[in-house]
Amino acid sequence: MRHLAQIQRHSQSTQLQLVFVAQEQPDGSWLIHDQGDRPSMVYSQTEFAVGALVLIQLDKQRKLASIQDATDWLLNVVHHYFVPGKITPEFVQQEQKKIETWRQEMTAQSQDFTRRQLELEVRREQLEALEQKLSDP
């Protein structure tokens with residue numbers, strides 16, 4: 001799993017640490033960690049300066065598998081999404097369509113869930129009536 005991290009000096013020692021700023025999600029989006037609740041790990045290398053932003057890859061045991069400077073990656077993100085003309089009305093319209101599709105899917109799932117709840121309630125009432133009927137002499 002890929003993370004954007006910042007190299008910081010631990011406040012109570014001279015050790016360096018990687019403070020996770022964001023985590024890449026399976027769909028390619030990034031989850032930004034809250035300022036006060038950012039995970040971290042000890043970092044013993046000195047190839048990057050304190051304050052540097054790095055992209056890190058963790059292995060399955062959540063150990064550091066690779067680390068690289070994040071400058072080129074960040075510049076690519078800025079170039080791809082934030083230069084004039086990149087966020088066009090067509091792009092906004094496509095995103096609005098995606099949002100509407102997701103909203104409709106969520107509405108359908110909610111309605112299905114409500115229907116199943118009602119079916120379970122009816123069955124429960126039927127079982128209670130049957131139990132009552134069987135327990136009456």
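Modeller: The chain has two helices and six strands. Helices (H or I, at least four residues) and strands (E, at least two) are DSSP runs, numbered from the N terminus. The order from the N terminus is β-β-β-β-β-β-α-α.

This is a predicted model: local features need pLDDT of at least 70, side-chain atom pairs count only at pLDDT 80 or more, and totals for chains, interfaces and linings use all residues. Residues are numbered from 1 along each chain as its sequence is written, and side-chain values use heavy atoms, with hydrogens and water left out.

Take the whole chain before the detail. Its radius of gyration is 26 Å, whereas a compact globule of 137 residues would have one near 14 Å. That radius is taken over C-alpha atoms, and the globule rule is 2.2 Å times the number of residues to the power 0.38. Along the principal axes, the C-alpha atoms fill a box of roughly 85 × 45 × 25 Å. Of the 137 residues, 17% count as buried. Buried means under 20% relative accessible area, exposed over 50%, and partly exposed in between (1.4 Å probe, protein chains only). Among contacts with a separation of 6 or more, 38% join residues 24 or more positions apart. A contact means heavy atoms within 4.5 Å.

Now the rings. A pair of aromatic rings is described by the distance of the centres and the angle of the planes. Rings of Phe, Tyr and Trp (its six-membered ring) pair if their centres lie within 6.5 Å; planes under 30 degrees apart count as stacked, over 60 as edge-to-face and the rest as tilted. By this rule the count is one aromatic pair. The partners are Trp-30 and Trp-73, tilted, with 5.0 Å from centre to centre and 55 degrees between the planes. Trp-30 sits in strand E3 (residues 30–32) and Trp-73 in helix H1 (residues 71–81), so the pair ties together parts 43 residues apart in sequence. Trp-30 counts as partly exposed because its relative accessibility is 24%.

Gln-23 counts as buried because its relative accessibility is 18%.

His-3 takes us to strand E1 (residues 2–9). At 1% relative accessibility, His-3 counts as buried. Residues up to four places away are again not counted: His-3 touches Trp-30 and Gln-23, along with Phe-20, Ala-22, Val-54, Leu-55, Ile-56, Leu-58 and Arg-62.

Follow that last contact. Arg-62 lies in the loop between E5 and strand E6 (64–69). Arg-62 is partly exposed, at 48% relative accessibility. Most residues other than glycine have a negative phi. The phi of Arg-62 is positive, near 60 degrees.

Gln-45 is in the loop between strand E4 (40–43) and strand E5 (53–58). Gln-45 is partly exposed, at 41% relative accessibility. Helix H2 (residues 89–135) holds Arg-116. Arg-116 is partly exposed, with a relative accessible area of 49%. From Arg-116 to Leu-134 is 18 residues in sequence and 27 Å in space, C-alpha to C-alpha.

Last, charge. The chain has 15 positive and 19 negative side chains, and the centres of the two sets lie 3 Å apart. Lys and Arg count as positive and Asp and Glu as negative; His and the chain ends are not counted. Each charge is placed at NZ of Lys, CZ of Arg, CG of Asp or CD of Glu.
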